[in-house]
Amino acid sequence: MNKIPEVSRLSFLKSARAILKNPLPFHKKNFNLKGNTFRLKLGISKDVVSSRDAMFAQHVLQKNQKNYKKSAIQTKDLAKYVGNELLTSNGAHWAKQRKLIQPAFHKKQFETLVNKIQEAILTEIEKIEVDQPFNIFPVFNDLAFQTVVKALFSGEVDTRAINRLQYITEAAQEMLVKELRQPYLIWWFKLSGELEKNLALTREARDILNDFVAKRRQSGKRYDDLLDMLLDARYDNGLAMDDEQLIDEILILFTAGHETTSNALTFAAELLARNPSIQDKIYSEVITLKDEDDLLLKLKGLQYTEQVINETMRLYPPAYFIDRVSIESDAFSDFEIKPNTNLLFSIYEIHRDENYFKDSEVFNPDRFEDKTIKYSPYYYPFGAGPRMCIGNNFAMYEMILTIYELMKVYKIEYKSSPIEIKPLITLKPKNAILQFSKRKD
């Protein structure tokens, strides 16, 4: 067995400030120096293996996935804000919840939700300012959040409470990023009361959601939305989720369900601003389908628009790193993987590997005419294996419909400056200043 090349703790400490702002350059530099897999020494007994080897990722996430679990970053650090739900759990509890919830996210179920999704999209894109530069991210952020609201609650909830819930979910993410990137300040976060302040906000969010659920039950009405589907769901023993588990699952839908989508939509708009010819191709597709009233048929017809979304997530994957921890000894290629090894896969780097994507830095939706790429071991916009994102179909429907409605009404003015990024828990856009104009054709 070969030894995994090492990057010293000193090298990490020298780059700590830069890593806090953006860890991607640090990883790229060491991949180029050490190869596609390296070990970062964080202390005497603490280290992490980082890799941009797509086959290694496939081995861990799919082929031998039973030997790997999610790390404490998700099962403890994130879980204290969103609970012990599908995203943050491991083992038997995860399997039980996945089996229970999976039917609610089947493609056929979205036939009842797609009109609610479109309603939220149309409301939010009306907020776009025309003929002047402005930051598009807040519009897409609100759009993605309100889409989850519509899908979960059919919009039958108090607007002020929803606005408060949105504030809390975003504040929790900012706090978690501070904890993960500045672990040496944990003592201060506790002593200053900043940590407890955010945990109190999380408790408030749970109270808001409990109130929504209680009112739904009291109303006796059915909306056939996600909340009804979750309330209807039954375990093998015939029992429903208890209220605490139900709130855990709803809370992660808000946290994860809007964050990644708003990021991807913003990056898509940024890329379209730099590629007017691709805007024109989408508009040509939009025109051919504008008279189609069946939204599901329309979605199936928006093939090029879907390619644009897939190519956007190749270049700017919302989940730009995926982490796992080994349970027992394993081996991949010539490397030994000991129990409790922390593994970190750079999806950002895998998606830009010239071995898999020719001219990988170029925005080229045509490459996804080959539909097999979506299922390949080097394309991971929603993860892979049994733990692939349960809401991937929902997210794709939402993003395709948003781009369709956007291009039907607006043109995005040409922009040549580079796209700025802000890597947090997810890959976020920074300074997404664009200019929109109304179509006259």
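Which helices each supply at least two residues of the lining of the second largest pocket? I started my notes with that.

**Entry 1, confidence.** I am working from a predicted model. I looked up the mean pLDDT of the protein and found 90, with 99% of the residues at 70 or more. By element, helix α2 (residues 16-21) has the lowest mean, 82. The highest mean, 98, belongs to α16.

I went to the second largest pocket, which holds about 750 Å³ of space. I noted 27 lining residues, and K107, E306, K374, Y375 and N393 lie nearest the centre. To settle the opening question: α15 (295-301), α16 (303-315) and α18 (392-409) each give at least two residues to this lining. I put down α18 as the source of the largest share, 5 residues. Sorted by class, the lining has 13 nonpolar residues, 7 polar and 7 charged.

I then turned to α11, residues 194-219. Its 26 residues reach 38 Å from the first C-alpha to the last, close to the 38 Å expected. I listed its buried residues, among them L195, L199, T202, R206, L209, V213 and R216. In an α-helix, residues three or four places apart point the same way, because there are 3.6 residues a turn. I also checked what the buried residues of α11 pack against, and found α5 (72-82), α8 (137-153), α9 (159-181), α10 (186-191), α12 (226-232) and α13 (243-273). After α11 comes G220, and I noted a positive phi near 70° there.

Technical notes: Residues numbered from 1 in each chain as written. Predicted model: local features only at pLDDT ≥ 70, side-chain atom pairs only at ≥ 80, totals over all residues. Heavy atoms only, no water. Helix = DSSP H or I, 4+ residues; strand = E, 2+ residues; numbered from the N terminus. Expected span 1.5 Å × (residues − 1). Buried < 20%, exposed > 50% of the residue type's maximum accessible area, 1.4 Å probe, protein only. Contact = heavy atoms within 4.5 Å. 1 Å grid on protein atoms, 1.4 Å probe; cavity = no way out; pocket = protein on both sides within 12 Å on 5 of 7 lines; lining within 4 Å. Points joined across faces, edges and corners; volume = space filled by probe spheres on them. Nonpolar A, V, L, I, M, F, W, Y, C, P; charged D, E, K, R; others polar. pLDDT = per-residue confidence, 0-100.
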